[in-house]
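Visitor: I am new to this structure and would like to learn how to read it. May we begin with the picture?

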Amino acid sequence: MVAWGGRTRFGDMAELEGLTDDSPLLPLVTSTIDNCLGSECPFYEECFVVQARQRAQAADLVVVNHHLLLADLALKQEGFGEILPGAQAFVIDEAHQLPELAASFFGEGFGMRQIQELGRDCVAECKQTTGALAVVQAPARMLEQAMRELRAAMEALPPRGTRYRALTLPAVADGFDVLADALATLEDAMAPLATTSPGFDACVARARDLRERLERWRDGDAASDAFAADDADEAAVVEAVAGEGADAALDPARLAAAAAKGGEVYWYELSARGFRCQRTPLDVSAPLRAHRERSHAAWIFTSATLAVGGGFNHVGRKLGLFDPDTLLEPSPFDWPRQALCYLPKNLPEPNTRGFGAAMLEAVRPVLEASSGRAFLLFASHRALREAAEALRGAPWPLFVQGEAPKAELLRRFRESGNGVLLGSATFREGVDVAGDALSVVVIDKLPFAAPDDPVFEARLDAVRRRGGNPFRDEQLPQAVIALKQGVGRLIRTESDRGVLVLCDPRLTGKPYGRVFMDSLPAFGVTRRIEDVQAFFARQ
């Protein structure tokens, strides 16, 4: 890593092929928004981020990911400057992802890892100041102990849930109180040291910010949990976001406030060794619209999966677009010639115990006909693990998500020529395997959002309160878009050929199954394995 650091031009950690996303080295060698010293850093002029920003400011065309664009918008909303220059036009590819990502950027959160890194950085900074360790070490240890005890108390909670659910356990509520006190003690201990170095000054500010975030999450507006608002308030919010009514000329700040009135959810999530607490707005259409109007630029939203049933209303509402110009282009691929959709017969309902085994039994003849060369995409990690055990020893190389970094798995899969890759939702998009290496995509279940997602449940409740139908207006369109993303892995060029296997019997057994099928490409559909075998025999 030291050698690479001396020769890299851009400082992108993705250049290091052997470094996994969860490597313990990463926090030791990367700067974050929390610990970056900005212009106070002695290496400011050499910073890769600063250099990238300078290149962007001088460029005619800037290509960034959604995260960087949203970080820039969030900074501008808070009045802290900008990362990216202004532009005359913004082209947002994969725009179906934007509302979900925007919700996290316009929300607020804190996590165990952030607090651990604060304690580590505080102790590390003591090397620069004589006598500082004697002042900082004890509060830092107290902070670490408070986090461990809180995480232990949270073991009694489900993996995800609302703030209300977490704080009903006295041990968890007390744990957050102790953690807040520990952060305050560390902040007070470091306050006299803030003038001794830019690093200590930054640590004091980080401790204060984390403590305030924790207190807002713990003690925030109780109405946000219940989405309390009277009918007049809700009508005003809808009119404001839609640009209608007496308040149609709302300024950006009031539009952002309107979105906040649309509801927020306070929630937590547990990981193997930590936790994260988050406040998420349920509606980001108002701030997104405010930024678009303030930019005085053209905005183009594009994706292969924006349309549901031939229309854009679902995603348009989430983006704050209420009368946009739209264009729905046909696929450049000859789907009837290049692809076949296979719906296996006689599979049990997807929530029954025997579904996984029955699904694999139906898929094996497809893999035999294709000689492997397949993605099997699962709705849950448990189903993925069970499939991995069942397919060990099969005549095709097996690649399982989690057994190697994603990029490494894909490289091995391509090189194998006849591999079978087992993945979860992360392989539904952003994955491009062209050519004969991938000729089958299997999707076990319709990708409805997980029932334990507190943000999604809150959105459904908000739809219900507005008089809408949560399944029709939210769950179904989101699942259609997610399914289309998975289907899109199959045909990547004009010469690709392949079979899509959809194993969920609800596609034919439920009325809403027709919505899914009507939103997919116009390929042939069969329920006969013989047709699949004939398809591959023609290659």
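The dialogue below takes up the chain, its strands and its surface in turn.

Guide: This is a predicted model, in which local features need pLDDT of at least 70, side-chain atom pairs count only at pLDDT 80 or more, and totals for chains, interfaces and linings use all residues. Residues are numbered from 1 along each chain as its sequence is written, and side-chain values use heavy atoms, with hydrogens and water left out.

Visitor: How many helices and strands does the chain have?

Guide: Helices (H or I, at least four residues) and strands (E, at least two) are DSSP runs, numbered from the N terminus. Here the chain has 24 helices and 13 strands.

Visitor: What share of the residues is buried?

Guide: Buried means under 20% relative accessible area, exposed over 50%, and partly exposed in between (1.4 Å probe, protein chains only). Of the 539 residues in the chain, 46% are buried. In strand E12 (residues 498-502), 5 of its 5 residues are buried. Gly498, Leu500 and Leu502 lie on one side of E12, and Val499 and Val501 on the other.

Visitor: Which strands pair with E12, and in what sense?

Guide: Strands of a sheet pair through backbone hydrogen bonds, either parallel or antiparallel. Two strands are taken to pair if DSSP finds at least two bridges between them. Strand E7 (residues 339-342) pairs with E12 in the parallel sense over 4 bridges, and Cys341 stands opposite Leu500. Strand E11 (residues 440-443) also runs parallel to E12, joined by 4 bridges; there, Ile443 has Leu502 as its bridge partner.

Visitor: Where can I find antiparallel pairing?

Guide: An open sheet of 4 strands, in the order E2-E5-E4-E3, has antiparallel pairing. Its edge strands are E2 (108-111) and E3 (160-162), each of which pairs on one side only. Within this sheet, strand E4 (residues 264-270) and strand E5 (residues 275-281) are joined by 7 bridges, and Trp267 has Gln278 in E5 as its bridge partner.

Visitor: Which residues make the nonpolar surface patch?

Guide: Like charges are joined within 9 Å, and nonpolar side chains (Val, Leu, Ile, Met, Phe, Trp, Tyr) within 5 Å. Accessible areas come from the Shrake-Rupley method with a 1.4 Å probe; for residues, only the protein chains shown count as cover. In this model, Met1, Leu25, Leu28 and Val29 make a nonpolar patch of about 350 Å². Val29 belongs to helix H2 (residues 26-29) and is partly exposed, with a relative accessible area of 41%.

Notes:
Patch = residues over 30% accessible without salt bridge, like charges linked within 9 Å, V, L, I, M, F, W, Y side chains within 5 Å. Salt bridge = Lys/Arg side-chain N within 4 Å of Asp/Glu carboxyl O.
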